[in-house]
Amino acid sequence: MALLDGVANKKGFWSWIARTPLSLRIGALILIVHVVLAATGPFWIPYGFSQMGTGLPLSPASLSHPFGVDQLGRDVFSRVMYGGHIVLLMSLSGTALGLIAGSLVGLWSGYVGGIIDNLVQRFLEVLISIPFLVMALLAMVAAGPELSGDPLLVVFVVAFVYAPRIARMARTAAVEIATRDFVTIARLRGETSWSVVRRELLPNATGVLLVEFALRAGYAPVLIGSLGFLGFGLRPPTPEWGLMISENRSLLLIAPATVLGPGLALASLVVGLNLFTEGLARILGRTVKLGGQQ
Amino acid sequence: MTMLVEVHDLTLSYRSGSSLARVLHGVTFHIDRGEVLGLVGESGCGKSTVGLALLGYCFNSAVIERGRVLFHGQDLLTLGRAGLDRLRGDRIGFVPQNPTTALNPSMRVGLQICEALILHGRNRHMADAGRRAAELFDLVGLPRPGEILKRYPHELSGGQQQRVCIALAIACDPDLIVLDEPTTGLDVTTQEQIIALLVDLRARLGTSMLYVTHDLGLLAQIADRIGVMYAGNLVEVAPSRTLFAGPRHPYTQGLIGSLPRIDDPEGTALRPLRGLLLRQELPPGCPFSPRCDHAVAGCAQHRQGLEPVATGHEVACQRWRELGKQPPGRSAAGKRAKRPAGAAPLLCIDGLSIAYGVGRGLLGRFFPRRQLVVVNDLSLEIGRGETFALVGESGSGKSTVARAISGLLPPISGTISLDGATLALSVKARSSDQRRAIQYIFQNPDASLNPRAKVGTILGRPLRMFGGSARGKTGEAIAAALADVRLEGTYQHRYPDELSGGERQRVAIARALIAGPVLLLCDEILSALDVSVQANIIELLRKLRSERDVAMLFISHDLSVVRTLADRVGVLFGGVLLESGPVEEIFRPPYHPYTLSLLEAVPHIETERRRKGPGPAVAGESTAGARCVYAGRCRWQLGEKCVKEPPPWQRSGKGLAIRCHIPIDELKRIAAPAAVTVITGVVP
């Protein structure tokens with residue numbers, strides 16, 4: 001609608017912000033707080049993340065220890081703040097890795113079609129049908145004991161769990177885009193399938209893939225937390241939130257803040273990411289649709 | 001006559017963000033009882049908004065600034081929900097553009113009619129409503145109404161669906177029917193039947209109609225008066241005969257001048273409107289002044305309302321007195337040089353058969369699927385630099401032929417050779433040079449240009465692939481290619497959605513030309529464009545053709561365009577070539593019976609030829625399994641012979657070949673000479 005564009009000429013950051021969905025704004029706010037805390041936390045936290053004897057062990061929340069003190073006498077608040085960047089970095093890099101692998105496989109498979117597509121899709125379905133925690137554990141076991149607890153392994157596991165799911169979305173998008181005439185033109189030109197995927201499909205699937213990234217990234221902290229909780233994630237004393245919840249779970253009745261603190265951090269990150277994602281999907285959903293036509 | 005509808009100074013805007021975009025600007029008109037008013041204009045001129053306003057319907061974002069829409073003296077805009085519910089569907093019927101989306105897909109069509117009848121209290125009981133629905137279906141010419149009642153929309157053809165929509169609109173015997181482009185999605189022959197039906201219904205029921213369309217030619221057949229809209233303004237209103245004979249507004253003159261005519265002798269140039277409608281840059285005065293050849297300084301400053309020129313003829317132009325009547329004339333374009341006969345053809349297709357559903361590869365060999373043959377034993381030749389037009393209704397296999405030539409769809413049998421060398425059937429197996437030689441242009445530039453790539457990138461890719469120029473010169477080559485299609489070099493930094501529809505199609509043409517092809521496959525490249533834009537592209541194609549020696553396979557269902565552009569024509573029906581020959585012979589008797597029905601279906605501007613009753617019955621299905629594909633739909637079928645024996649090719653002296661059992665002399669006799677000596681409009 002060129003008609004409407006002409007009127008909406010009022011550019012300017014604030015008016016643009018005002019037109020974005022509310023969920024995007026709230027989500028962005030939560031995320032900004034998280035990122036700022038994660039980035040600056042290690043520099044201003046009152047105690048070190050593995051520093052013992054900061055207070056009376058098992059003490060509940062107080063002004064000097066907002067999230068209480070754990071069994072070993074560590075300040076839970078400092079640990080939560082310190083752990084923020086670990087959780088964020090691992091979630092984002094794991095999802096990004098899954099996105100890259102998944103989207104390339106998916107787009108290519110959707111474009112090539114035929115038997116290859118069929119085989120790839122059936123294989124992906126097998127992977128997806130395995131519950132993701134079981135698959136993560138399988139991957140952990142396959143990697144062997146010497147790698148266990150390695151942050152890189154956790155990142156790869158996240159990628160491995162997400163890639164097949166993202167590939168399916170990418171494939172759906174590719175099948176639709178591949179029927180459009182500009183892809184036909186490229187094929188008539190004799191382009192290789194890799195070139196078509198890169199030049200014609202990928203730019204037109206960015207909307208779908210971005211939404212997919214944000215959606216998956218929103219649940220990655222939960223996945224990493226679950227792994228930590230089960231003892232398959234990072235090694236103690238790393239202040240990873242899931243691991244902390246697991247370590248302190250026996251203190252739930254004595255010093256509830258030691259569990260609720262990291263839980264609150266995890267929950268607010270997931271809520272923030274999801275709100276942001278939902279808003280982003282709505283914006284992108286609009287522009288992606290309008291991309292081709294006026 | 002008394003006025004049924006009065007629209008007075010209707011001004012309406014669409015809200016977008018905090019600002020308003022004006023869509024209708026002081027639109028004033030009336031419709032008398034029993035009158036058909038046609039509303040014509042390019043896309044986005046606000047004609048559909050007017051149509052919806054007559055239903056008291058506005059989009060959520062619409063803001064009515066002022067104005068009244070009186071129906072029986074009652075203002076629809078202030079009526080309120082309950083009052084409108086009583087009027088809509090009862091006193092005012094609506095026929096939408098797309099019947100497929102207008103009908104509920106999960107409900108039998110009969111029930112949808114009954115629902116309307118019962119809702120408006122026409123019938124108490126379902127059984128009565130069902131009987132009335134059957135009557136209505138009979139009235140709109142649906143065969144076997146009793147059966148059709150029980151069908152779901154997807155079990156009906158597009159034309160039948162539109163008939164159901166019309167039945168729905170007239171179900172409660174309304175005083176007014178609003179028709180919003182009711183035939184735009186339909187075939188030429190189906191369109192003609194629908195128009196004939198509407199003319200017939202109007203004569204029988206005396207209903208008033210507002211017919212909204214972009215096709216002037218159609219209005220000539222059905223409208224009593226025509227209103228021409230431009231950028232939300234009504235610029236001219238006149239009885240249709242007066243409008244075509246002496247249009248007063250420069251825009252109307254341009255619109256009529258843009259129409260390709262079927263009676264044009266070969267190669268008269270069109271007079272397209274120049275420029276584009278830029279809504280952001282509309283002047284405070286006459287909205288058309290930036291594109292007007294007669295505009296003076298005052299035009300852009302002062303708004304001009306409708307002024308009476310003669311009885312019933314009003315025009316919104318400040319200079320109509322000075323300009324006078326300008327019957328749309330045309331300049332003669334240079335006649336095309338005839339190709340020397342006997343030269344080796346460029347493209348040679350022999351015995352081509354194409355089927356869908358062919359199992360490919362290993363799986364296909366073991367599990368053969370049912371094949372659907374869409375093109376059967378087609379042979380044709382295209383000379384160097386020649387334009388060959390392939391015409392036929394949708395589903396006749398026109399595009400399939402082009403896809404086979406391009407190598408997208410390997411045929412099941414037959415050969416395709418270019419320049420004497422046989423081409424591999426699949427594009428993958430062709431050499432880079434062969435791929436370069438044949439370029440494809442698609443119907444819809446929205447879909448054929450990558451929306452995420454800049455024009456420069458879109459054009460640069462074929463240049464790199466086919467080694468058109470050295471690396472450093474890519475920019476210049478792209479600018480030159482853009483200049484070829486009359487676009488500025490700066491366009492290479494734009495994205496497709498920053499261009500208008502016509503400009504996008506130019507970019508698509510430039511992309512094909514930049515490869516340096518010898519054959520262009522043009523697949524309905526004009527049908528997605530507005531009339532005036534179409535005229536511009538036709539002129540462009542003509543110039544390009546004379547500048548460089550490129551042959552074209554021009555696929556179209558629009559005979560008027562074909563007449564103005566083609567050298568030779570092939571008529572395709574059901575995947576079989578029925579007639580082929582030089583363009584002037586095709587448009588002159590003898591005709592193949594199918595060609596004749598196509599020609600008759602083209603809407604004519606001349607009001608004398610307005611349909612009085614139902615047109616020649618073209619309905620009927622073609623007989624399956626018959627040896628002549630047209631058997632069953634043919635008006636002159638020779639009984640069993642057409643079903644049992646394949647028709648022979650008959651040749652007249654002048655290069656015309658007709659595949660029919662009826663002898664050529666007989667075909668000459670049946671052709672009504674009046675059918676083609678009239679002005680025609682553009683088929684959408």
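Guide: Two strands pair if DSSP finds at least two bridges between them. The model is a predicted one, and in chain B 4 strands form an open sheet in the order β14-β13-β16-β17, with antiparallel pairing.

Visitor: What makes β14 and β17 of chain B edge strands?

Guide: β14 (372-382) and β17 (421-422) each have a single partner strand, so one side of each is left without a neighbour in the sheet.

Visitor: How do you know that β13 and β14 of chain B pair?

Guide: The criterion is at least two bridges. Strand β13 (residues 347-356) is joined to β14(B) by 7 bridges, and the two run antiparallel. As one example, B:Y356 has B:L372 in β14(B) as its bridge partner.

Visitor: Which helix lies across β13, β14 and β16 of chain B?

Guide: Helix α14 (residues 398-406) of chain B does, running at about 70° to β14(B). Angles of 65 to 115 degrees count as roughly perpendicular, so the value of about 70° falls in that class.

Visitor: What is the strand order of the sheet of 8 strands in chain B?

Guide: This open sheet has the order β18-β19-β20-β15-β21-β22-β24-β23, and its pairing is mixed. β18 (438-441) and β23 (649-651) stand at the edges; each has a single partner strand, so one side of each lacks a neighbour in the sheet. From one strand to the next the twist averages 20°.

Visitor: Which helix lies across β15, β21 and β22 of chain B?

Guide: Helix α23 (residues 593-601) of chain B lies across them, at about 100° to β21(B).

Visitor: What makes strand β15 of chain B mostly covered?

Guide: A residue is buried if 20 or more other C-beta atoms lie within 10 Å of its own. In β15 (residues 387-391), 5 of its 5 residues are buried. B:T387, B:A389 and B:V391 point one way, B:F388 and B:L390 the other way, and all are buried.

Visitor: Which residues touch the most other members of the largest nonpolar core?

Guide: They are B:L210 and B:L553, in a core of 260 residues. Its largest share, 16 residues, comes from helix α7 (residues 151-178) of chain A. Another core, of 7 residues, lies apart from it and includes B:L596, B:C660, B:I662 and B:L667. Beyond its neighbours within four places in sequence, B:L553 is in contact with B:I382, B:F388, B:L390, B:A402, B:I405, B:L519, B:L521 and B:C522.

Visitor: Why is α6 of chain A called oblique to α7(A)?

Guide: The axes of α6 (residues 132-143) and α7(A) come within 10 Å and cross at roughly 135°. That makes α6(A) oblique to α7(A), because roughly perpendicular ends at 115 degrees and roughly antiparallel begins over 145. The crossing is right-handed. The contact is made by A:F132, A:M135, A:A136, A:A139, A:M140 and A:A143 of α6(A) and A:L153, A:V157, A:F160 and A:V161 of α7(A).

Visitor: How many helices and strands does chain A have?

Guide: Chain A has 11 helices and 0 strands. Buried residues make up 44% of its 294 residues. In helix α10 (residues 241-248) of chain A, 8 of its 8 residues are buried, and the helix is described as mostly covered.

Methods: Residues numbered from 1 in each chain as written. Chains lettered and ligands numbered in written order. Predicted model: local features only at pLDDT ≥ 70, side-chain atom pairs only at ≥ 80, totals over all residues. Core = buried A, V, L, I, M, F, W, Y, C linked by C-beta atoms within 7 Å. Buried ≥ 20, exposed ≤ 12 C-beta atoms within 10 Å, placed from the backbone. Contact = placed C-beta atoms within 7 Å. Axes fitted to C-alpha atoms, helices over the stretch in contact; angles between N-to-C directions. Parallel < 35°, antiparallel > 145°, perpendicular 65-115°, else oblique. Left-handed = near helix turned anticlockwise from the far one by under 90°.
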